[in-house]
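Please look over the sequence and the model below.

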Amino acid sequence: MLRKLCLTAAACLMLGACATGPAVKSGIYHIRPNDTVEIQDRMLDSVNAVRARSGAAPLTLNPQLTAAAQVQARDISRQNRAWPFGSDGSSPYDRIRREGYGGELVGEIYSQSYETELETLTAWVEDPVWEAELVSPDATEMGFAWQQDRSGLIWWVVTLGRGTGVGYATDF
């Protein structure tokens, strides 16, 4: 377990060392609107590094899953509660359907913290339940989004799915 944690932390630090985006000011990680692509790419690369160590295939970022994750991040921020239900009673299944995702839901991971996306990923990997979802061989795609409150608190959401394969290059 310690070895896995050290490897994850090392991978996150290496990827994070290349970052020029969000800044830590007064101990709070501040995300700017133009940091979105950089943060999403860094998280996808880091999740795929975790998956590679477990023998799972890499994920691709899916726009519908990302939209569903963004809806949930905003909603749990408004609710001030990190949990799987929307304020309208919606579930992750409902949200991916509303966003037009044609695949199947594999899982949803969420948290609230003042930490970076890579520190948050490390915490998820340390939890056997969250880690099992992240490395699930059923997952082929992920959505990733967040909402940062005025206080600096960040509500992180990863939505994992198994795509239908329709329209993918592997169908040729």
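Ala, Val, Leu, Ile, Met, Phe, Trp, Tyr, Cys and Pro count as nonpolar, Asp, Glu, Lys and Arg as charged, and the others, Gly among them, as polar.

**The whole chain**

This is a predicted model. The protein has 6 helices and 6 strands. Read from the N terminus, these elements follow the order α-β-β-α-β-α-α-β-α-α-β-β. The protein has 172 residues, and 45% of them count as buried. Take the contacts with a separation of 6 or more: 65% of them are between residues 24 or more positions apart.

Start with helix 2, which covers residues 36-54. It has 19 residues and reaches 27 Å from its first C-alpha to its last. That is close to the 27 Å expected at 1.5 Å a residue. Its buried residues include Ile 39, Met 43, Leu 44, Val 47 and Val 50. Gln 40, Arg 42, Ser 46, Asn 48 and Arg 51 are also among the buried residues of helix 2. Just after this helix, Gly 55 has a positive phi of about 85°.

Helix 3 has 17 residues. At 1.5 Å a residue they should span 24 Å, and the end C-alpha atoms of helix 3 are 24 Å apart, so the two values agree. Buried residues in helix 3 include Leu 65, Ala 68, Ala 69, Ala 73 and Ile 76. Among the others are Thr 66, Gln 70, Gln 72, Asp 75 and Ser 77. What do the buried residues of helix 3 pack against? Their partners are helix 2, strand 3 (60-61), helix 4 (92-98), strand 4, strand 5 and strand 6.

Helix 5 is mostly covered, with 7 of its 10 residues buried. Those buried residues are Glu 117, Leu 118, Thr 120, Leu 121, Thr 122, Trp 124 and Val 125.

In soluble globular proteins, nonpolar side chains tend to be buried together. Here the largest nonpolar core has 31 residues. Trp 124, Met 142, Phe 144 and Trp 156 have the most contacts inside it. Several elements each supply at least two residues of this core: helix 2, helix 3 (63-79), strand 4 (104-113), helix 5 (117-126), helix 6 (128-134), strand 5 and strand 6 (154-162). The largest share, 6 residues, comes from strand 6.

How many of the lining residues are nonpolar, polar and charged? The lining divides into 5 nonpolar, 4 polar and 1 charged. Helix 2 and strand 5 (141-148) each supply at least two lining residues. Strand 5 gives the largest share, 4 residues.

Glu 115 sits in the loop between strand 4 and helix 5. Gln 147 is found in strand 5. Arg 78 lies in helix 3. Are they buried or exposed? The cut-offs decide: buried means under 20% relative accessible area, exposed over 50%, and partly exposed in between.

| Residue | Relative accessible area | Class |
|---|---|---|
| Glu 115 | 36% | partly exposed |
| Gln 147 | 23% | partly exposed |
| Arg 78 | 62% | exposed |

Glu 115 and Leu 153 are 38 residues apart in sequence, with 8.3 Å between their C-alpha atoms. Gln 147 and Gln 72 are 75 residues apart in sequence, and 9.0 Å apart in space, C-alpha to C-alpha. For Arg 78 and Gln 147, the figures are 69 residues along the chain and 9.5 Å between C-alpha atoms.

Now the contacts, leaving aside residues up to four places away in sequence. Glu 115 is in contact with Tyr 29, Thr 120, Ile 154 and Trp 156. Gln 147 touches Gln 70, Ala 73, Arg 74, Ser 77, Leu 153, Ile 154 and Trp 155.

Notes:
Residues numbered from 1 in each chain as written. Predicted model: local features only at pLDDT ≥ 70, side-chain atom pairs only at ≥ 80, totals over all residues. Heavy atoms only, no water. Expected span 1.5 Å × (residues − 1). Buried < 20%, exposed > 50% of the residue type's maximum accessible area, 1.4 Å probe, protein only. Core = buried A, V, L, I, M, F, W, Y, C linked by side-chain atoms within 4.5 Å. Contact = heavy atoms within 4.5 Å.
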